[in-house]
Amino acid sequence: MKAHVSSILLGVRDMDRAKEFYTEGLGWKVENDFGVSVFFASDGASPVGFYAREGLAGQVGTDPEGSGFSGLVLTYVVRSEARVDEIMAEARKAGATILNPAGALPWGGYGGTFADPEGYIWSLGYSAQGTDQPYAE
């Protein structure tokens with residue numbers, strides 16, 4: 001198995017709220033809306049989609065009632081500190097919970113962290129130290 005993710009599916013309780021957060025709040029474009037699942041235009045990256053939480057849990061054979069930190073953090077690397085600040089502002093305006101405001105990171109980079117309305121954690125980051133970063137934009 002390669003270190004590659006073919007797609008990312010997030011189980012959501014409120015499909016409409018999740019779509020609104022990502023489309024109206026963060027500017028994502030819906031590529032396919034199947035009712036029980038939604039996929040966003042990926043711009044060549046791994047596609048991200050939503051699936052009804054109970055249905056997704058049933059599909060993978062687990063309980064849909066989770067609590068606390070799941071151990072999953074979605075990372076988004078950009079090319080400037082200013083872009084980190086812009087995205088954090090967009091997320092806040094869209095209703096995200098800011099977990100760590102944008103600022104200097106212990107390892108020398110710059111970033112911030114927010115949780116979407118379903119509790120999924122996004123870590124935004126920038127580092128001037130490397131040129132081979134897995135840039136999202």
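Two strands are taken to pair if DSSP finds at least two bridges between them. On that basis, this predicted model places strand S7, residues 110-115, beside two partners, S6 and S8.

**Pairing of S7**

Strand S6, residues 97-104, is joined to S7 by five bridges, and the two run antiparallel. Within this pair, Gly-103 lies opposite Gly-111 of S7. Strand S8, residues 121-126, is likewise antiparallel to S7 and is joined to it by six bridges. Here Gly-111 has Gly-125 of S8 as its bridge partner. Each pair also forms a hairpin, as set out below.

| Hairpin | Residues between strands | Turn glycine | Phi of turn glycine |
|---|---|---|---|
| S6 and S7 | five residues | Gly-108 | positive, about 110 degrees |
| S7 and S8 | five residues | Gly-119 | positive, about 95 degrees |

**Burial of S7**

Six of the six residues of S7 are buried, so the strand is largely enclosed by the rest of the structure. Both of its faces are covered. One side carries the buried residues Tyr-110, Gly-112 and Phe-114, while Gly-111, Thr-113 and Ala-115, also buried, lie on the other.

**Thr-113**

Thr-113 belongs to strand S7. Its relative accessible area is 14%; because buried means under 20%, Thr-113 is classed as buried. Leaving aside residues up to four places away in sequence, Thr-113 touches Met-88, Thr-97, Ile-98, Leu-99 and Asn-100, as well as Ile-121, Trp-122 and Ser-123.

Methods. Residues are numbered from 1 along each chain as its sequence is written. This is a predicted model: local features need pLDDT of at least 70, side-chain atom pairs count only at pLDDT 80 or more; totals for chains, interfaces and linings use all residues. Side-chain values use heavy atoms; hydrogens and water are left out. Buried means under 20% relative accessible area, exposed over 50%, partly exposed in between (1.4 Å probe, protein chains only). Helices (H or I, at least four residues) and strands (E, at least two) are DSSP runs, numbered from the N terminus. Contact means heavy atoms within 4.5 Å.
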